[in-house]
Amino acid sequence: MKIKQKFLYKNSSSNKIKLVLEPWAEEFEVKPDSEVEIIIEGDLTKGYLMIESDNNSLIIYGWQGSLIQLYKDGELIY
């Protein structure tokens, strides 16, 4: 079953956050009080989305065959 899901991430901290998209090893900076829109699409029978975070980073893991798009201020950046 193929799905397409959109979610927003807002950095509410006073520090910049490193956003990492795996398994592509793409890294982006999310400045304080800014947000990014993340769209993931793929076949749910092949895996699932996993999100991990700590004080300085947010890591989003796609699964086999999934595609991720990242928008910042309405502009596609990945």
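Is Ala 25 buried or exposed, and at what relative accessibility? Please also describe the loop in which Ala 25 lies.

Analyst: The structure is a predicted model, and Ala 25 counts as exposed in it because its relative accessibility is 51%, where exposed means over 50%. Ala 25 is placed in the loop between β2 and β3. The strand β2 covers residues 17–22, and β3 covers 26–30. The backbone of Ala 25 deserves attention: its phi is near 60°, a positive value in a residue other than glycine.

The loop also holds Pro 23. The peptide bond that leads from Glu 22 to Pro 23 is cis, with an omega near 15°.

A positive phi also occurs at Asp 73, which is not a glycine and has a value of about 55°. Asp 73 belongs to the loop between β7 (67–72) and β8 (75–76). With a relative accessibility of 76%, Asp 73 therefore counts as exposed.

Of the 78 residues, 31% are buried. Among contacts with a separation of 6 or more, 58% join residues 24 or more positions apart. The chain exposes about 5,200 Å², of which carbon and sulfur atoms supply 47%.

How values were computed: Residues are numbered from 1 along each chain as its sequence is written. This is a predicted model: local features need pLDDT of at least 70, side-chain atom pairs count only at pLDDT 80 or more; totals for chains, interfaces and linings use all residues. Side-chain values use heavy atoms; hydrogens and water are left out. Buried means under 20% relative accessible area, exposed over 50%, partly exposed in between (1.4 Å probe, protein chains only). Contact means heavy atoms within 4.5 Å. Accessible areas come from the Shrake-Rupley method with a 1.4 Å probe; for residues, only the protein chains shown count as cover. Helices (H or I, at least four residues) and strands (E, at least two) are DSSP runs, numbered from the N terminus.
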